[in-house]
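Trainee: Could we go through this model together? I would like to begin with the strands and then turn to the interface.

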Amino acid sequence: MELIESPLQDLKKEVSTGTTIIAVQYQDGVIIGADSRTSSGSYAVNRVTDKLTPVHDYIYCLRSGSAADTQIIASYVSYYLNMFSIEEGCLPTVKKAAHMFREFCYQNKQYLLASIIVAGWDEENGGCVYNVPLGGSIIKQPFAIGGSGSSYLYGYCDIHFKENMTEEEAISFVSKGITEAIARDGSSGGICRIATINKDGVKRRTIYGNELQKFWEK
Amino acid sequence: MQKGGFNFDLYQRNVELIEKNNYKVPKTTKTGTTIVGVVFSDGVVLGADTRATSGPIVADPNCEKIHRISDYIWCAGAGTAADTENTTGMISLQLELLSLSTGRSPRVRTALTLLKNFLFRYHGYISAALVLGGVDFTGPHLHMIHPHGSTSTLPYISMGSGSLAAMAVLETGYNSKMGEEDAKSLVHQAILSGILNDLGSGGNVDLCVIKHKSMEFFRNIDTTNSKRKFRKKLPYMFKSGSTKILEKEIKEKMEKMEIVNEKENEIEELEEL
């Protein structure tokens, strides 16, 4: 088996977001971050992908796994959340969004390859992060990491995470994590997209490749 | 009655034919292709090569890969030729009906959603990789759609077997402030790069420039690659006597005619009345 496959074979593979995604609770809400590479085998199909997908005003989801599957699921959840919030006359909770994602992912687990992190802000609970990995389980966590690049971040997160960080600390936590994963994981790359979600809404920012911090490098 | 979709009734028979009876499956016509799209200041430019291959053979040296979805929304397709043509055809019809029932001109985003939902249902078995571009009342848009149903919105896109060659040209030459002529030239260069460097792409270059309420289709804008130097003149002329006659048999042409009774008298009677 050749180590480097012919590029034509890559293009026939399913497009996946071989990825790094992070979401973390901080004192006023959540900070979410992702890299920007969508790959098909070893060819980067889109090097500026936006994996931070809004499903409602204050609720975002971070997508990893098959690009097609996650886009469609996010589309469905966004539709149903909108319907429910109009019927109920109030903003949906992050818990409702996360459970909806779980329902799709679990009931169709044979057909889907989707690992999603749902994060947002709501009135009752403040910032919340829910992890909905491949099988369709759901777990509420103070921070969540996902995607192929997350393997390199477990140690980093365990050591550096603190409860109730300030916005700057949390952004630094997320951006450094993404930077490290991009450096070590071949399927992650491009730029670092970050969003802050709190009672004031969503604030997005982008950290370009040359602005990313350089860690231990020869 | 079958409602639609695929019919797998003959699947087992086909498998047996292939395995036991050494049946050779006919090759699908694939557009091993280079297709490109670029957004410029006033609109979108789509480009494609014109070679359709059936295995190693060029089935059609001058096919059209840029399909009309609506007047100002066009789509270039790579993959299986039947899939791209029929998918774009179907969505074009749906979009037309939708635009008539809503009373609004169609949006590129609508075509995108229709295409992606359709392709997702077939789990990638419909091999259609598309570059969808157009200008609607919200402005110019360019999207890429993969066979599994995932989409991306980008300022420049290349797809097909020649996409790597084309992307190299696009990455070098693209800038966000391009005008129409620069964009046309960039797309032309990108397709040419695909034609020259990819074995599955070839033929001529087709270009489609879409701006607000205007569409220009440049069919075969560049034919330098399909001008064959040594070509026998058509029609083939053979000297008389070049084919050896082995046997001669002459048959008399016999005419069998039956004379049917003509009812002339009846007709005369009717006229009198």
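Trainee: How many bridges join strand β4 of chain A to β5(A), and do they run parallel or antiparallel?

Mentor: Three bridges join β4(A), residues 38-40, to β5(A), and the strands run antiparallel. Strands here are DSSP E runs of at least two residues, helices H or I runs of at least four, numbered from the N terminus; two strands pair if DSSP finds at least two bridges between them. This is a predicted model, in which local features need pLDDT of at least 70 and side-chain atom pairs count only at pLDDT 80 or more, while totals for chains, interfaces and linings use all residues. Residues are numbered from 1 along each chain as its sequence is written, chains are lettered from A in the order in which they are written, and side-chain values use heavy atoms, without hydrogens and water.

Trainee: Which residue stands opposite A:T38?

Mentor: A:N46 in β5(A) does. The two strands form a hairpin with two residues between them, and A:G41 in the turn has a positive phi of about 70 degrees.

Trainee: Now the interface: what area do chain A and chain B bury between them?

Mentor: They bury about 1,500 Å² (accessible area lost on being put together, 1.4 Å probe, summed over both). Carbon and sulfur atoms account for 62% of it. A:Y43, A:Q71 and A:I72 supply 30% of the area that chain A buries against chain B, more than any other three residues.

Trainee: Which residue forms a salt bridge with A:R47?

Mentor: B:E171 does, with the closest N and O atoms 2.5 Å apart. The term requires a side-chain nitrogen of Lys or Arg within 4 Å of a carboxyl oxygen of Asp or Glu. The count between the two chains is one salt bridge.

How values were computed. Buried area = accessible area lost by both parts, 1.4 Å probe.
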